Amino acid sequence: MSQPKDFGFDEDVQMLKESFARFLDEQKTIESLRPSIRGTEDPIHGADRPAFYDEKAWQQCIELGMHAVSIPEAQGGIGMGLVAATAIAEEIGRYAWASPLSNTLHATFVLNQADTANARALLEDMANGLRVALGIYGEEGSLLPDSTDVVADNHRLTGVSWYVQDAMKAQVLIVSAKTEQGVALYRVDLAQAGVTIHRDRIVDLTRDQAHVELVDAPASLLTAGGSECLEAAAPALATLMAADLAGAGEWQLQATSEYAKVRQQFDRPIGFFQAVKHPIVNMMIQVDEARSLVYNAAAAFDFDRDDAPRCAHLAKSSASDMGAFNARNSTQLHGGIGFTWEADVQIYHKRQIHSEFLFGDGTWHRTQLAELL
Amino acid sequence: MSERQLSQEQQEFREFCQRWIEENKPDPHPIPLPQAAYEVTDPTHLTYLQDWQAKCYEAGLIACDLPKIYGGHEMTDCQAIASAEVRKADVPYFINWIGLGMAVPTLLECGSEEQKARFLPPIFSGEEIWCQGFSEPGAGSDLASLQTSAVKEGDQWVINGSKVWTSLGHFAQFMLLLARHDKTDKYGGITYFLADMNQPGVTVKPIHKMTGESGFNEVFLDNATVPDAWRVGNVGDGWKVAMATLTSERGAGVGVGAVATESPTITMAQVIELAKTTRRNGRTVWDDPVWRDRLVKLYERIEAAVQNSRRAKLKHLNGGAMRIPLQGKLVGSEVGQELHHTALGILGLKSALYVRDPHAANDGKWPLGYMNTYTGTISGGSSEIQRNILGERVLGLPKTK
């Protein structure tokens, strides 16, 4: 099977992407994030940050159907593929939007690989607005699908699920846990006895993170084949995060380029000088490579599944390196102002270095990719 | 391009190309050809390559989509297919690459009807070889500072000056010539001509590259003449016409002739194979994770170039018509250079063994190829100039001048 020339980016996907971008533009995402980080600057004496997200905006997002874009129609979703979800993820990155939407997309692609009644029921709940997060890491943060510090015993879970993204915005956790037959995925309600959410203090201002402690917590089985399910979903998760990086990377490029046109030194806009101009062009080259590989990876997942792992490794390897590169250059080329708390580039910088490692960094993806060559 | 997106004409044409190439592939020349068309100096190579290009043209693999009056074959959207099939096949390159890649698009965009009818067909057949007379000893990156003069006398122009880095100058019948008719106007004082190389006022002297190969030249113009009818565009429009040529040279133009060079994807596969088969320090180079990471990073960038050209064609995803095409030459040449340097690293001490050393890998292809990658990063606007162009034209940064 082969991919369509246009990456599967048909009119429906284009319209979806444009209307979502318009929606996020109206949200003034960075401006509305700002109050939540005010007063939290000082890492030693500052206040803890609330797990910010704009509930009204999230409700509007649900009304637009963005949360259900890849939930199957039978479960009340729109039933579009990874190409559509990737288009959305790119805009989330571009606007650095703090919301439960990234989690929702990630959970959708995990559950879509499970094919059980319980997984379908959870998808249906998500289509109705339930907020779900993934608890798939142990403390060492290993990316292998069977690594977890949680143990299941007769549908009750004990252990700690680490690096749970946007946990404070979630109602339900999909937890990978060891059973006698291997790793299984469970549904755990976060608001119940036996569940304690320990908020992590993280660098990224646009996300929250926690480790979730489970003590004999009641859970329902989503699939006994947890490793297989996570392995099948891995290309989708890597591609979605790569898209987020690419969207944010383009924002970093444009912001830096615009700044170089207005900031004057030595009687000229700094963008006149090749020492500034050329690194900005390098940012563009990197973001274009990442973006093309992202679309290719999304189309591979939808149209040529056998090639999806290779393409996803390419996309996340490229996007992770680009995210780090563009972050570095955006701060450096903004000079002193870019180093301050008041600069928007610092918000994106932190988001990018968080995304760089989420679902695997460049080195890890290249190691995996080498096995396929 | 997958089968289902092709029209019936295209599908049939692709099968025809494959069959034709298979049946007409020439026997190798007794003396191995140099790596690229711009390094050909042996006259028997020239004849051999001209014959091959003429056959391809007669068969309809060159000038597929152009009208008959220009020597074309009047097909629809078939050139890309022919070019792809020629690139895929293990066949010689087209010797008239400057003619096909630069003269043709320039003439199609800016030439008179008379010029197109006169000059295009023998370019396609390879009968008349072309060279490019832009750079001068004193005008490299700052091309518009060129000093070669053009003085109108009656219905012809008298040309004096010298050109440098002239690939194929030793074989060429014609030159794409930039000359100055007005010393007081840097950009507006330049006019574009088609100059006959076979005349007493033209002297061609070979230059040897760092590889030791030749193929390019210095060309001295000493009262050479060009008829006014062979002026392209108006007097003073030379810079604009030159931009059309350079856009094609840098890979952003509309391709009309197939230019067969080894694709980066193929070179990449060869380098990975080299790493898998080269043993050192008790293991293959591929088994060294540091080397493997470097190689896979290059693999990623080459795959990105493939996907970039796919995305460049999609209006709603390309970020503007010129954004990706203008990166093509810059990124392709830099990644190619890195790739060749990596091949040297894989070979280690063996990379010192050069052409005709009996123990050299691939008869010294890797060090030779590595040195030749500087052709890509320097000629046709150096990487530094490319970054200026991208920053200014795509991102709107202030002009460096």
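This is a predicted model: local features need pLDDT of at least 70, side-chain atom pairs count only at pLDDT 80 or more; totals for chains, interfaces and linings use all residues.

Residues are numbered from 1 along each chain as its sequence is written, and chains are lettered from A and ligands numbered from 1 in the order in which they are written.

Chain A has 11 helices and 10 strands, where helices (H or I, at least four residues) and strands (E, at least two) are DSSP runs numbered from the N terminus. Its C-alpha atoms fill a box of roughly 70 × 55 × 40 Å along the principal axes. Of the 373 residues in chain A, 54% are buried, a residue being buried if 20 or more other C-beta atoms lie within 10 Å of its own, exposed if 12 or fewer, and partly exposed in between, with C-beta atoms placed from the backbone. Two residues are in contact if their C-beta atoms, placed from the backbone, lie within 7 Å; among contacts in chain A between residues at least 6 apart in sequence, 74% join residues at least 24 apart.

The domain assignment divides chain A into domain 1 (11-127), domain 2 (132-225) and domain 3 (228-372), with bounds that come from an automatic or database domain assignment. Between the C-alpha centres of domain 2 and domain 3 of chain A there are 28 Å, and 12 residues of domain 2 of chain A are in contact with 11 residues of domain 3 of chain A. On the domain 2 side of chain A, the residues that touch domain 3 comprise 6 nonpolar, 4 polar and 2 charged; here Ala, Val, Leu, Ile, Met, Phe, Trp, Tyr, Cys and Pro count as nonpolar, Asp, Glu, Lys and Arg as charged, and the others, Gly among them, as polar.

Strand pairing, which requires that DSSP find at least two bridges between two strands, can be followed around β7 (residues 209-218) of chain A. Strand β3 (residues 156-165) of chain A runs antiparallel to β7(A) and is joined to it by 7 bridges, with Gly159(A) opposite Leu214(A). Strand β6 (residues 195-199) of chain A is also antiparallel to β7(A), through 5 bridges, and there His198(A) stands opposite His211(A).

A nonpolar core is a set of buried Ala, Val, Leu, Ile, Met, Phe, Trp, Tyr and Cys residues joined through C-beta atoms within 7 Å. The largest one has 150 residues, and Leu157(A), Tyr186(A) and Ala242(A) are among those with the most contacts inside it. Helix α7 (residues 226-262) of chain A gives the largest share of this core, 18 residues. Beyond its neighbours within four places in sequence, Leu157(A) is in contact with residues including Val175(A), Tyr186(A) and Leu214(A).

Ala184(A), in strand β5 (residues 182-189) of chain A, counts as buried because it has 24 C-beta neighbours inside 10 Å. Ala184(A) and Thr223(A) are 39 residues apart in sequence and 5.8 Å apart in space, C-alpha to C-alpha. Leu111(A), in helix α5 (residues 101-111) of chain A, is buried with 29 such neighbours inside 10 Å; Leu111(A) and Thr223(A) are 112 residues apart in sequence, with 9.0 Å between their C-alpha atoms.

Which loop holds Phe266(A)? Phe266(A) lies between β9 (264-265) and β10 (268-269) of chain A, and has a positive phi of about 50 degrees although it is not a glycine. Phe266(A) is exposed, since 8 other C-beta atoms lie within 10 Å. Asp267(A), in the loop between β9 and β10 of chain A, has a positive phi near 65 degrees and is exposed with 6 other C-beta atoms within 10 Å.

Chain B is assigned domain 1 (3-129), domain 2 (131-249) and domain 3 (264-394). The contact between the chains takes 33 residues from chain B and 33 residues from chain A. On the side of chain B that touches chain A, α8 (289-312) and α11 (383-394) of chain B are the elements that give two or more residues, and α8(B) provides the largest share, 13 residues. The residues on that side of chain B divide into 14 nonpolar, 10 polar and 9 charged.
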